[in-house]
Amino acid sequence: MGEPREAFVELQERLRRPGTRMLDRLRQAQAEDGRVDAEDLERAAGEFGWPVAAVTGAASYYADFAEGRRGRRHVRVCEGTSCFVSTQGQHIPGLERALGVRLGECAPDGSVSLQGVRCLGYCYDSPAVLDGEQPGSGEQLGGLFGDPRAAERRTRPGWVEPLKMRTAQIPHASAVDRPVVLAGLVGDEGPWEVWPGVVASGSPDQVMAEVAASGLRGRGGAGFPVAKKWSATAQEPGPRYVVANGDEGDPGSFCDRLLMEGDPHRILEGLALAAFAVGARHGLILIRSEYPTAAERLRAAVSEARESGHLGKRVHGSDFDFDVEVVRGAGSYVAGEETALLHAVAGLRADVRARPPYPTSHGYLGQPTAVNNVETLSAVPWIVRHGGAGYARLGHPDEPGTKLVCLSQRFRRPGVYEVEYGVPLRHLVEDLGGGLREPHTLRAVQVGGPLGGFLTPDQLDLPLLSRPLAEAGVALGHGSLVAVDSALPAAAILRHAWAFGAAESCGACTPCRVGARRGVELAERIGEPAQAEAALAAHEPLLEVLTVASLCAFGRGVSCAVRSLLRIYSDELRRTGE
């Protein structure tokens, strides 16, 4: 019995070794001949000292590696909700015809391949593609693959329609003298103004106390109190880690991309303050592969921060060491869930892990880890500089502070708005967003991404708060709003919701893995005569299984979104099968 046990322990230790470069190693192998084959897997396993099965598991899991051969020209096209609404999905067959290759395939001569992804972060200018690592969006896609001028347009920097940053400034009657600063959207404070003084003469307890006083909660969707997470991590024996979650995969949300591309140093300063508070010496940032510019700018910002003395050994003459590593993902929505994310940054499959134990005690490489969304971290420097009490006076007593809200392409004024928690959704939709562009009329609003839910126009007086929205059957999530116009057929949006669940489930639990595929089947049957009523009736037991038996919030979120759609579109769905 001793030998198998010793072998198991050795295997665990080998997998605990840092493998943050494993995804880059697989990406390098793919770049050589367009695919990751068995020989590549064995070679990578030998280099990292891992079992071949562990490397194979990662390569077969991530969409960037698992879709077969990649062409010399690789195009990723967005299938997210905003892009789907803007064209009713017709931009995809248009690209297939123009490129001469079907979605998910590579041309026989290896010249071009086309991959579907669920969001590229250009929801304000849908539809969107990544041609290699060059983004394109909106009306410019009309001639992208047939217009001879398209090649010249792609060589110009910034040929994507630039986002006109739209901000809802905190009112002058606000409880604080100066507005919160996120990505330079509001105010003019620069990054790294707090960090040198804190690390030189401050204390971790002071940082922790200000964040606790602010009432800051996670902005990535879960809404967990940040100070509580940090405190739990700090109480565990070291080494400890801090991780920034830049895996913004929710279709409809693009504020994290703008933060990472436009204000990377503020994120790094927030991560450094988190590390100081919990006593971590190493930080990591996971950025989804669909955000190549964000990864490039954050890596550049890390180098600049080192040169300026903000990172490295004995930061600003103190006895505190801290450095940051940027990890690029490989195509997985579920990698945004914190346990799956920690597997991803270690180079493993981004499978969800049952909790407890929580990452605060068993996180990256099995060590205590505090994981925070990049928007959350961006608020920390302001809180530490101006005081948690001032931040707590903003927003609502249940949810203090501000939130970046994203409005999609169908609005007259799409973009990102920084608002206080508690503002009515109607203020966001009508006052800030300006309603829908003509000639469209609003049928529903998706709140919080594909795991959030849908509301009707007469529900827009609900406040931007988690509890009232949950009572209405939707989740606040990441805070994005996608407008759905009345021209989009009910059956189409229902199929879209189920297709997202089937495509992005990590497969770790049967209710979600099988249930989402069953949902797609039921949605297809709704369009068939004499089957709509039975298919609709079969939804409820399926949704109940997803709600009560899914391993993580993904299956429960898909169930929540589909339920809200059935509530809004039930009559129309029944008429579809007539």
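The cover over the buried residues of helix α3 includes α2 (22-33) and α4 (52-61), where contact means heavy atoms within 4.5 Å, and helices (H or I, at least four residues) and strands (E, at least two) are DSSP runs, numbered from the N terminus. This is a predicted model, in which local features need pLDDT of at least 70 and side-chain atom pairs count only at pLDDT 80 or more, while totals for chains, interfaces and linings use all residues. Residues are numbered from 1 along each chain as its sequence is written, and side-chain values use heavy atoms, with hydrogens and water left out.

Within α3 (residues 38-48), D40, L41, A44, A45 and F48 are buried, that is, under 20% relative accessible area with a 1.4 Å probe and protein chains only, whereas exposed means over 50% and partly exposed in between. Just after α3, G49 takes a positive phi of about 70°.

An open sheet of mixed pairing is formed by 5 strands in the order β2-β3-β1-β4-β5, two strands being paired if DSSP finds at least two bridges between them. The edge strands each have a single partner strand, so one side of each is left without a neighbour in the sheet.

| Edge strand | Residues |
|---|---|
| β2 | 105-106 |
| β5 | 134-137 |

Strand β4 (residues 128-131) runs antiparallel to β5 and is joined to β5 by 4 bridges; the bridge partner of L130 in β5 is P135.
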